[in-house]
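Q: I'm new to reading protein models and would like a close look at one part of this one. Could you walk me through it slowly, and then show me how it sits in the rest of the chain?

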Amino acid sequence: MSKKKQELKSHKNRSEDLLLQFSKTLNKFFPNFTKYINSVIEPRQENKCYYRLEDLLWLSFLLMTMSFESRNNYNQELRFSESLDLLNNLFGLKLKSIPHGDTLAYLWQKLNTDGLEKIRRAMIVTLIKGKYLDKFKYRGTFLVAFDGVELYRWGERHCDNCLYAKTKDGKYQYFHRVLEAKIVCSNGFSISIASEFIENIDKKEDDKQDCELKAFHRLSDKVKKLFPRLPITILADSLYPNGPVFKRCTDYRWDYLFVLQETVLKSVWEDFHGMFNLTETAIGAKLKIPEFFNERKRYRWINQLDYQGTEFNGKVNLLAIASENDKGVYQTKRAFITSHEITEKLAIKMEITGQLRWKIENQGFDIQKHHGYNLEHTYSKHPNAMKVVYLLIQIAHIINQLFIDANLLNACDGLSLKACFRKIIEAIHLGWTQSLLSLIHISEPTR
């Protein structure tokens with residue numbers, strides 16, 4: 001066999017292995033995935049539907065999971081007769097033809113987002129019950145990062161629910177945002193468990209706009225309802241340390257670890273610094289300063305500081321990390337306020353854990369924006385379809401993280417996620433199906 005033919009055969013085999021690995025990943029982690037899809041309520045007039053709802057949902061997931069990036073790319077790369085048998089056999093579909101991307105977009109306009117949220121919840125419950133995430137717990141709790149992200153921005157109003165902001169030149173820009181709750185893990189996992197869209201609903205002219213903190217209370221209610229017994233430590237930025245948020249965490253028996261800036265909660269900071277100005281007690285006994293030094297950083301902490309504010313009077317714990325500058329002076333560079341007790345043994349781990357909040361931006365939003373999912377691309381400008389697409393992307397991201405991490409057939413070695421799915425798409429639309437179809441019968445069934 002010539003070198004060129006050997007390379008082509010190797011390329012073909014790897015593409016097939018990747019597609020088979022994708023199927024095995026779904027079977028391993030979510031063996032009831034088809035049941036989740038079948039539970040979604042049909043939003044269309046059934047007697048007028050050419051395609052089954054479950055088939056269109058499968059293709060919607062595949063569109064987002066396999067990084068097609070747009071409906072146009074989907075039309076160009078998947079709508080081949082060679083793809084039909086493979087999709088039907090591998091995923092148990094009953095397609096007579098591959099539907100146009102506009103058909104999917106029409107479904108997204110009608111689909112109730114509750115159905116997709118139920119699918120995501122079922123996936124998260126499966127992962128938790130299977131103990132796949134237990135090794136990433138912190139003090140017996142799952143780390144759940146809350147953070148908002150902007151999805152789209154326009155120069156003209158898109159819909160009645162748009163947020164808006166005035167620019168320097170006096171014009172208005174209109175945008176959509178969403179607040180996410182994601183389990184974050186030290187290995188880079190950022191797994192969406194709930195979403196809350198930040199939008200103006202029934203807003204009167206003199207009302208304040210919706211915002212991230214308002215959305216936090218709606219999203220925290222949703223998380224508690226979806227996962228009532230889940231042990232949680234919330235990670236969030238310096239927007240969150242305030243009385244109503246502390247009260248919500250206390251009421252729900254959640255722990256928290258928030259970034260704290262020195263311009264926030266000034267009374268708590270005054271008490272904190274005041275404790276370190278006391279070197280001895282009223283009777284002259286020496287006070288032991290709770291601090292230690294590590295790699296030119298100084299760690300100081302105080303537990304059980306008093307906090308009195310709106311809706312919450314209680315105790316908080318504060319950890320401040322200072323770095324030594326060139327003049328040998330220590331300046332606070334990072335601080336956290338938390339419900340967890342701080343000790344010398346745990347201070348460094350707490351610092352590392354607090355910084356995991358960035359995973360929601362780096363491994364979550366950034367990857368979804370710039371590495372194949374095209375989060376900021378408007379697959380449809382219909383308000384409901386935009387929400388459906390967002391939730392489809394969150395589910396797709398969960399599957400793909402497991403696909404890469406588990407790497408069940410070692411087919412991903414040396415390839416980026418985007419490269420993996422380029423090869424998978426090739427295997428589908430170039431008709432490289434015969435060996436795969438024979439393997440399907442000995443692999444675990446998807447349906």
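How are H4 and H6 oriented to each other: roughly parallel, roughly perpendicular or oblique?

A: Happy to. Keep in mind that this is a predicted model. Helix H4 covers residues 71-78 and helix H6 covers residues 101-110. They pack at an angle of about 135°, and their axes are 9 Å apart. Angles over 145 degrees would count as roughly antiparallel, so H4 and H6 come out as oblique to each other.

Now zoom in on who touches whom. On the H4 side you'll find Arg71, Tyr74 and Asn75. H6 brings Gly101, Asp102, Leu104, Ala105 and Trp108 to the contact.

The largest nonpolar core has 124 residues, and Trp108 is listed with Phe30 and Phe33 as touching the most other members. The helix that gives the most to this core is H13 (residues 383-406), with 14 residues. Let's pick out phenylalanine 33. Setting aside neighbours within four places in sequence, phenylalanine 33 is in contact with Leu26, Trp58, Phe61, Ile119, Met123 and Ile399. There is also another core, lying apart from the largest one; this other core has 16 residues, including Leu143, Val184, Leu257 and Tyr299.

H13 packs with helix H14 (residues 417-429) at an angle of about 95°, with the axes 11 Å apart. H13 and H14 are therefore roughly perpendicular to each other. Here Asn400, Phe403 and Ile404 of H13 meet Leu417, Cys420, Phe421 and Ile424 of H14. The residues of that contact split into six nonpolar, one polar and no charged.

Then there's helix H8 (residues 212-226) with helix H9 (residues 243-251), at an angle of about 5° and with axes 11 Å apart. That makes H8 roughly parallel to H9. From H8 come Leu213, Phe216, His217, Ser220 and Asp221, which meet Pro244, Val245 and Arg248 of H9. The tally for the contact of H8 with H9 is four nonpolar, two polar and two charged.

Strand E7 (residues 291-294) and strand E8 (residues 297-309) run antiparallel and are joined by four bridges. Phenylalanine 292 stands opposite tyrosine 299 in E8, and Tyr299 is one of the members of that 16-residue core. E7 and E8 form a hairpin with two residues between them, and glutamate 295 in the turn has a positive phi of about 50°.

Finally, step back to the whole chain. There are 15 helices and 10 strands, and buried residues make up 51% of the 447 residues. Of the contacts with a separation of 6 or more, 68% are between residues 24 or more positions apart.

How values were computed: Residues numbered from 1 in each chain as written. Predicted model: local features only at pLDDT ≥ 70, side-chain atom pairs only at ≥ 80, totals over all residues. Heavy atoms only, no water. Axes fitted to C-alpha atoms, helices over the stretch in contact; angles between N-to-C directions. Parallel < 35°, antiparallel > 145°, perpendicular 65-115°, else oblique. Contact = heavy atoms within 4.5 Å. Pairing = 2+ DSSP bridges. Core = buried A, V, L, I, M, F, W, Y, C linked by side-chain atoms within 4.5 Å. Buried < 20%, exposed > 50% of the residue type's maximum accessible area, 1.4 Å probe, protein only. Nonpolar A, V, L, I, M, F, W, Y, C, P; charged D, E, K, R; others polar.
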